[in-house]
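Open the model in your viewer and keep the selection tool at hand.

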Amino acid sequence: MDQGTLKKMAADAAVEYVRDGQIVGLGTGSTVRYVVAKLAERIKKGLRIQGVATSLETARLAHEAGIPLLADDAEWVVDLALDGADQVDPRLNLVKGGGGALLKEKIVAAAATRFIVVVDETKRVPVLGGAFPLPAEVVPFGWRSLAKRLESHPRRGHVPRDGASGA
Amino acid sequence: MATSLETARLAHEAGIPLLADDAEWVVDLALDGADQVDPRLNLIKGGGGALLKEKIVAAAATRFVVVVDETKRVPVLGGAFPLPAEVVPFGWRSLAKRLERLGCRVAPRMKDGALFVTEAGHYILDLWFPKIDDPASLETDLEKIPGVVCTGLFVGRADLAVVATQQGIVTLTRP
């Protein structure tokens with residue numbers, strides 16, 4: 001099976017955990033597209049949920065799927081967050097942020113009662129790092145000095161993210 | 001290095017050339033005020049809303065000297081002054097609820113009837129703690145919470161405090 005099929009399989013299975021009336025955190029990325037598509041199917045069959053979107057891209061997909069979204073400044077309690085990951089280790093520690101939406105994804109995951117990570121098998125690793133960089137979202141003010149400081153950590157280096165490669 | 005547009009303007013008028021925000025600066029000496037200074041030179045800063053850039057510059061500085069008058073000295077941080085937390089707008093109401101559970105009253109900082117917005121586009125939540133017994137733990141705990149950009153707690157950062165008193169200047173070094 002190709003990776004897209006695997007992502008869809010994972011998404012379909014993960015959406016089974018969504019219950020009627022829940023507030024659902026929606027991550028960002030290619031797997032989440034399948035999650036939203038499956039939610040749209042269930043909504044057509046009568047499922048009622050509200051969503052919290054972690055990116056403008058996901059907000060647009062949710063809107064198209066008929067998922068009502070809570071405002072960013074609402075006092076939301078997220079019952080269940082569904083999101084992909086770039087790497088998953090055996091303790092379910094994750095590296096996320098390949099799509100650049102890590103800040104909102106982390107805020108929603110932290111606000112969620114339950115957080116289910118939805119991945120295909122290629123994302124499982126014995127140890128995080130290596131083939132995939134750890135993204136750090138940083139304040140523009142002083143970022144070059146910060147990058148130097150991060151490089152001085154013995155285990156870490158940095159590659160500035162090209163603006164065009166984000167999202 | 002200027003930590004706010006206001007300071008940048010003052011520096012410009014004073015003839016101080018400024019490094020660009022994205023230059024690779026190494027700050028030899030940082031000079032800044034504080035809202036509260038405890039005997040270990042732990043600080044509460046951020047009454048003016050510039051805490052994020054102030055904290056970045058203080059962290060990048062080889063030496064950090066805090067410049068205050070004697071009214072800023074307190075035995076224990078907190079109480080009469082709130083601890084500012086700079087937070088991401090996304091989800092801030094949920095974050096405020098979570099922060100309340102840490103034992104403080106949370107007051108979003110306002111300006112002209114609307115939420116105060118920092119130069120970086122964040123909000124500030126003023127956290128009213130009756131007293132802060134363990135500033136180091138509180139700083140770590142708060143800054144681990146997703147959505148908290150930074151707090152106004154500066155723990156173990158000031159090397160020297162220059163304090164103006166009615167009797168003259170007193171300098172305090174970090175114990």
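Start where the two chains meet. In this predicted model, 23 residues of chain B are in contact with 23 residues of chain A. Together the two chains bury about 2000 Å², and carbon and sulfur atoms account for 69% of it.

Now select Glu24(B), Phe90(B) and Pro146(B). These supply 34% of the area that chain B buries against chain A, more than any other three residues. Next, colour H2 and helix H3 (92–100) of chain B: these are the elements that give two or more residues to the side touching chain A.

Which polar links cross the interface? The rule finds six residue pairs in polar contact there. It finds zero salt bridges between chain B and chain A.

Move to the core. The largest nonpolar core has 24 residues. Select Leu43(B), Phe64(B) and Val66(B), which have the most contacts inside it. Then show strand E1 (27–32), helix H2 (51–60), strand E4 (61–69) and strand E12 (160–165) of chain B; each gives two or more residues to this core.

Zoom in on Phe64(B). Beyond its neighbours within four places in sequence, its contacts include Ala30(B), Leu43(B), Ala58(B), Phe154(B) and Leu160(B).

Last stop: the cysteines. How many disulfides does the structure hold? Zero, over all chains. Cys104(B) is buried, at 8% relative accessible area. Cys150(B) is buried as well, at 4%.

Definitions and conventions
Residues are numbered from 1 along each chain as its sequence is written. Chains are lettered from A and ligands numbered from 1 in the order in which they are written. This is a predicted model: local features need pLDDT of at least 70, side-chain atom pairs count only at pLDDT 80 or more; totals for chains, interfaces and linings use all residues. Side-chain values use heavy atoms; hydrogens and water are left out. A disulfide is a pair of cysteine sulfur atoms within 2.5 Å. Buried means under 20% relative accessible area, exposed over 50%, partly exposed in between (1.4 Å probe, protein chains only). A nonpolar core is a set of buried Ala, Val, Leu, Ile, Met, Phe, Trp, Tyr and Cys residues joined through side-chain atoms within 4.5 Å. Helices (H or I, at least four residues) and strands (E, at least two) are DSSP runs, numbered from the N terminus. Contact means heavy atoms within 4.5 Å. Buried area is the accessible area (1.4 Å probe) that two parts lose on being put together, summed over both. A salt bridge is a side-chain nitrogen of Lys or Arg within 4 Å of a carboxyl oxygen of Asp or Glu. A polar contact is a pair of N or O atoms within 3.5 Å; within protein, one must be able to donate a hydrogen and the other to accept it, and residues adjacent in sequence count only if both atoms are side-chain atoms.
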